[in-house]
Amino acid sequence: MPVTVTRTTITTTTTSGLGSPTILGSPRALTQPLGLLRLLQLLSTCVAFSLVASVGAWHGFMGNWCMFAWCFCFAMTLLIIIVEVGGLQPRFPLSWRNFPITYACYAALFCLSASVIYPTTIVQFMSSGRSRDHAIAAVVFSCIACVAYATEVAWTRARPGEITGYMATVPGLLKVVETFVACIIFAFIIDSYLYKYKAALEWCVAVYAICFILAAVAILLNLGDCTNMLPIPFPTFLSGLALLSVLFYASAMVLWPLYQFDEKYGGQPQRRMDSTCRDAHTYRMCAWDSRLAVAILTAINLLAYVADLVYSAHLVFVKV
C-alpha cells in the first residue's frame, strides 16, 4: 500500500512508535518512550565527547570530525527536548512535523561515522592507558547514540497507508543519506590534485556538487513548507531530480574509477604505486585511499538514488 504524502505536512498524531501517547508542552513528555529515547541520545553523546575531551584524545581532521559529530548531536537533541518540553513547536522556524525525523536520520549517520572513524584512525594507534580506556568508552557511547537515533527513525517513519510528510517517507530519508554521503565525498576530495586537470574527474566533482545541491533543496523546501514555491509540481520535481541524479551518478561511477585506477588513463591500479601511501600518517589518509573511498561512496549514493527513484513512484501526493 502506498504512503500518501501531503504538500509537506503530516497529520497530527499523539502516539509514538510504541503506541504510547506523546505529551507535548510538559516535562511529562520526557517520561514517554520517545522522550526517554531522546534522553538516552543526549546522555550518550554528552558522555562520548566528554570522555574524549577530558584526555585530549582527538587529533587531525578525523578526530575533529568525530568531536563535531558528538557535540552537534548533543546540542541539537537538547534543542529538540527544550522545544517539546516547552511546547514551542508553533514558534519553531521549521516544520516540526518534518524536522525531528530529518535530524534523527542525520544524527544516526553522524554517530555511525564517528563510531567507525574514531576507533580505526585514532584508538588503534593509542598506547594502553587512561587515554585509550576513555577513548574506547567514548566509542561504546557513540554506538549507543547511533542505535538510539536509528530507533527514533524507525519509530517515527511513515507506515503504509498513513498520510504523512515527505521527510518521514523512504525517499525523504534517502535524501538525508544522499546528502550525507555527498558531504563525506567532499571531505575526501578536499585536495584538488585528486581531480585537477582531468576533465572527466572534474565532471565527477560537478556531479557530486549538483546532486547534493538538488537533494538539499528538496529537504529545505520540505522543512520550510515551501514546496508550493516551485514553478512545477513537487512530485514532478522529485521524480526529475531522482532520474537526473541516477544518470549523473552512473556516469561518475564509470569515470571516477576509470581515470583513478586504470593506467591507460593515468590512474594507479595498486596502492603501492602511490608515493603518498608509503609513509602513512596516523591521522591522514593517503591519496590512493581517498580515491578508493570516493569510488565506494559513489557506488553507495548511486544505489541510494536508484532506490529513491523506485520508491518515489509509489508515493501518492494529495493537496491540503
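**View A. Arg38, Glu84 and Glu152 are joined in a network of salt bridges.** A salt bridge here is a side-chain nitrogen of Lys or Arg within 4 Å of a carboxyl oxygen of Asp or Glu. This is a predicted model, in which local features need pLDDT of at least 70 and side-chain atom pairs count only at pLDDT 80 or more, while totals for chains, interfaces and linings use all residues. Residues are numbered from 1 along each chain as its sequence is written, and side-chain values use heavy atoms, with hydrogens and water left out. The closest N and O atoms of Glu84 and Arg38 are 2.6 Å apart; because Glu84 lies in helix H2 (residues 60-86) and Arg38 in helix H1, this pair ties together parts that are 46 residues apart in sequence. Helices are DSSP runs (H or I, at least four residues), and strands likewise (E, at least two), numbered from the N terminus. Between Arg38 and Glu152 the closest N and O atoms are 2.7 Å apart, and since Glu152 belongs to helix H4 (residues 130-156) and Arg38 to helix H1, the pair ties together parts 114 residues apart in sequence. Both Arg38 and Glu152 are buried, as is Glu84, where buried means under 20% relative accessible area, exposed over 50% and partly exposed in between (1.4 Å probe, protein chains only).

**View B. Lys175 and Asp308 meet in a salt bridge, at 2.4 Å from N to O.** The pair links distant parts of the chain, with Lys175 in helix H5 and Asp308 in helix H8 (residues 287-312), 133 residues apart. Lys175 is buried at 0% relative accessibility, and Asp308 is likewise buried at 0%. The structure holds 3 salt bridges.

**View C. Phe186 and Phe212 form an edge-to-face pair.** Rings of Phe, Tyr and Trp (its six-membered ring) pair if their centres lie within 6.5 Å, and planes under 30 degrees apart count as stacked, over 60 as edge-to-face and the rest as tilted. By this rule the count comes to 23 aromatic pairs. The ring centres of Phe186 and Phe212 are 5.6 Å apart and their planes stand at 85°, so the pair is edge-to-face. Phe186 lies in helix H5 (residues 170-188) and Phe212 in helix H6 (residues 199-223), so the pair ties together parts 26 residues apart in sequence. Phe186 is partly exposed at 28% relative accessibility, and Phe212 is partly exposed at 24%.

**View D. Phe234 and Phe237 form a stacked aromatic pair.** Their centres are 6.2 Å apart, with 25° between the planes.
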